[in-house]
Amino acid sequence: MKKIVCACSYENPEGTQLCAQCGRPLTKEDEEKKVVDMRYDGTAIRSKTYKTSFIDRIWNFFSSVKVGVSLIVITLVLAAIGTFLPQIMFVSVPPGMETIDVYEEKYGFFGKAYYVLGFSNIYASWWFQTIVGMLAVSIIIASLDRGIPLYKALKHQRVRRHASFMKRQRLVSETVEDEKQAAETFELAEQTLKSMRYHVKREQGALLAEKGRFSRFGPYINHVGLIIFISGVMLRLMPGFYVDESLWVREGETTAIPGVEGYYIKNNQFILETYDEKDLKGQDSERVEQAINTRAKNYQTDVTLYKEDGTPLAGDTADLQKIGQYSIQVNKPLKYDGFALYQTDFKQDELKTMTFDLVNKTSKKSLGQITIDLRNPKKEYVINKQTKVALQKYYPDFTEFKDGEPQTASSIPNNPAFIFKMITPEQPKGETSFVAIRQTLEPFGETTYKMKFQSVETRDASNLTVRKDKTLPILLVGGIIFMIGVTMGSYWSHRRIWLQRTEDGRVLLAAHTNKNWFSMKKDVSEVCTSAHLTDYHDQLEEREKQ
Amino acid sequence: MQRKRKRLFIRSIILAVLVAAISYTVYVTATGGSKKVVKEGDQAPNFVLTDLNGKKHQLSDYKGRGVLLNFWGTWCPPCKKEMPALNEAYKAFEDKGVQVISINIAQSDFEVRDFVSSYGLDFPMTIDQTKSVMRAYNVDQLPATFLIDSKGKIKRILTYGITEKEFKQYMESIQP
């Protein structure tokens, strides 16, 4: 490796701009500058020094700020394109239709291309994740490459710098003083600087005062926060860290909670409350009210939560322990053991029971009533010794006859149909009747009796979302660290003042800060006044004036 | 030279870790996200269900035998269609160490009993009232047939109507 040997005989790594020992400018360019570039304190950015192996080439690529900025811009542009059309999770595809056809029908060729390229589900597309991943790599490598040399340079900085370094700072001052005056100047300067809360280091004939060095590390801390945040988001993909499922549970039923083993939930009651007419104070027309649904006051599911005792075993509900009763409302989830249940949707007035009258068709006389629980029908309903109704077939969601057999579309009693055998004193052998809503068939001939529909009981169903997110604390920590970094870098500045006496009897002052030069000038001015030094020049301002 | 080698080593490790993390993220998203999915080759989740005759069936009790799980519902035409075939295959392999457990998804006792008697089914029929077994096996379409070998590993997951010949071939594959 090539070394740059400074006039002070210190060996600096290739790419160094200012000697780490004395601060002399090492390149022609820097020598010609009136004010040197103090970014990274003139150290060599690591990656720029070696370009040898394949790994180094990759490393250098990611270390580049240009590459980093390009990645940010690409990410933003892609994410912006992702907002052109609705994302896939906000599109409800009708049954029997493909998602791609929905996009094509609605948005034409553009919609189809959008879907095929993966913009319709951008966060799950491999190329978007790869770009964000590359951005993370760029943040890590660029920070390592700059942060570590900067830390080392600031930690090992020398009190005495070479006169050529002092001369090339933005704020400078030069005063001719003899040895005795100089000693007094140093003493006074130290006092003043200490009263302004500078850390002061002294060597023979040289002084370095420094304040707020930690603010230089703000951007790096900020990057650490970002990386923690990104890792948290990534962890969501690991099994067990993140659950987002949903379930339907009907009033009175108990069901296993998906995604959290061993927990069961019973829906005791679903409540939908609306505002009464008198509660509605506004003068909105009825149509406006319906349009923005001002009437609903509360969506609530009252539930009982159960946990299986011991190691969870699917299907084993023998020893469920009641944990408690809860009311789940919109924005008031049930939170337990790291998971949360949110009120998401509801369905009102699902059929629960149906009551029929066993009626003689001619005399219109009733022999009695039976009530069928549609989620758990019985085989036989006995009215008295000679009178009973046997349930032969039950179709909870009757659709049509297929090859003479009635079909059911689901297990939910949306359109219940029954085949009854009615046993009556007149017909002890029984009469068969197919009964559905608004439909009665008598397949084996005309019957004397019929099942006359009387009434129904209904119940509601609730849809709950199950959420479990173990990455939240990580995201919170990442966010806090990020903000600490931003605050450190934004509200504090790194100020340094060098003072030295040259052999030819001059006292040189130089000052540098990474931001807020106005305050820096105030500090320098105060030092100059109290230590009887010539007032400073601002070399940059002077150059602008010329 | 020493430093250079060390540097190359550290850089390679950092890059390797980062590339691995990104590849893993992309891979997991591409293969269905964070949902805990039961896959072929996994250990079959243990469960216990009671059949219509009151007999308890716990999967772990069938270690050493092959087990065929069949999830179904009366509203699913291919489920109904494959039932007689499954019954024939069951009878052929009952004594050869393959157990069949049929699991209905939360329907009423009446409907399931009626179905079993009208189709003349002989294998154990259970009802998963709380859908917990269905959720443990991530069943989202019916019919779903799981072939579990004698060590309790899932060999195949089939989500279509199966013929008698295929049932027999599959049962042969999990026969101990």
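Trainee: What makes the crossing of H3(A) and H1(B) left-handed or right-handed?

Mentor: In this predicted model, the crossing of H3(A) and H1(B) is left-handed. The term applies if the near helix is turned anticlockwise from the far one by less than a right angle, and the angle at which H3(A) and helix H1 (residues 2-30) of chain B pack is about 60 degrees.

Trainee: Which residues of H3(A) and H1(B) meet, and how do they divide by class?

Mentor: On the side of H3(A) they are Ile55(A), Asp56(A), Ile58(A) and Trp59(A), which meet Leu8(B), Arg11(B), Ser12(B) and Leu15(B) in H1(B). By class, this contact of H3(A) with H1(B) holds 5 nonpolar, 1 polar and 2 charged residues.

Trainee: How many residues of chain A are in contact with chain B, and which elements give two or more residues to that side?

Mentor: There are 42 residues of chain A in contact with 37 residues of chain B, where a contact requires C-beta atoms, placed from the backbone, within 7 Å. The elements of chain A that give two or more residues to this side are helix H3 (54-63), helix H6 (126-155), strand S7 (254-256) and strand S15 (388-395).

Trainee: What makes S5 and S7 of chain B the edge strands of their sheet?

Mentor: The open sheet of 5 strands in chain B has the order S5-S4-S3-S6-S7, with mixed pairing. Strand S5 (125-128) and strand S7 (154-158) of chain B each pair on one side only, and these are the edge strands. From one strand to the next, the twist averages 20 degrees.

Trainee: How do you know that S3 and S4 of chain B count as paired?

Mentor: Pairing needs at least two bridges, and 7 bridges join strand S3 (residues 66-72) of chain B to strand S4 (residues 98-105) of chain B, so the two strands count as paired. They run parallel, and Gly66(B) stands opposite Val98(B) in S4(B).

Definitions and conventions: Residues numbered from 1 in each chain as written. Chains lettered and ligands numbered in written order. Predicted model: local features only at pLDDT ≥ 70, side-chain atom pairs only at ≥ 80, totals over all residues. Helix = DSSP H or I, 4+ residues; strand = E, 2+ residues; numbered from the N terminus. Axes fitted to C-alpha atoms, helices over the stretch in contact; angles between N-to-C directions. Nonpolar A, V, L, I, M, F, W, Y, C, P; charged D, E, K, R; others polar.
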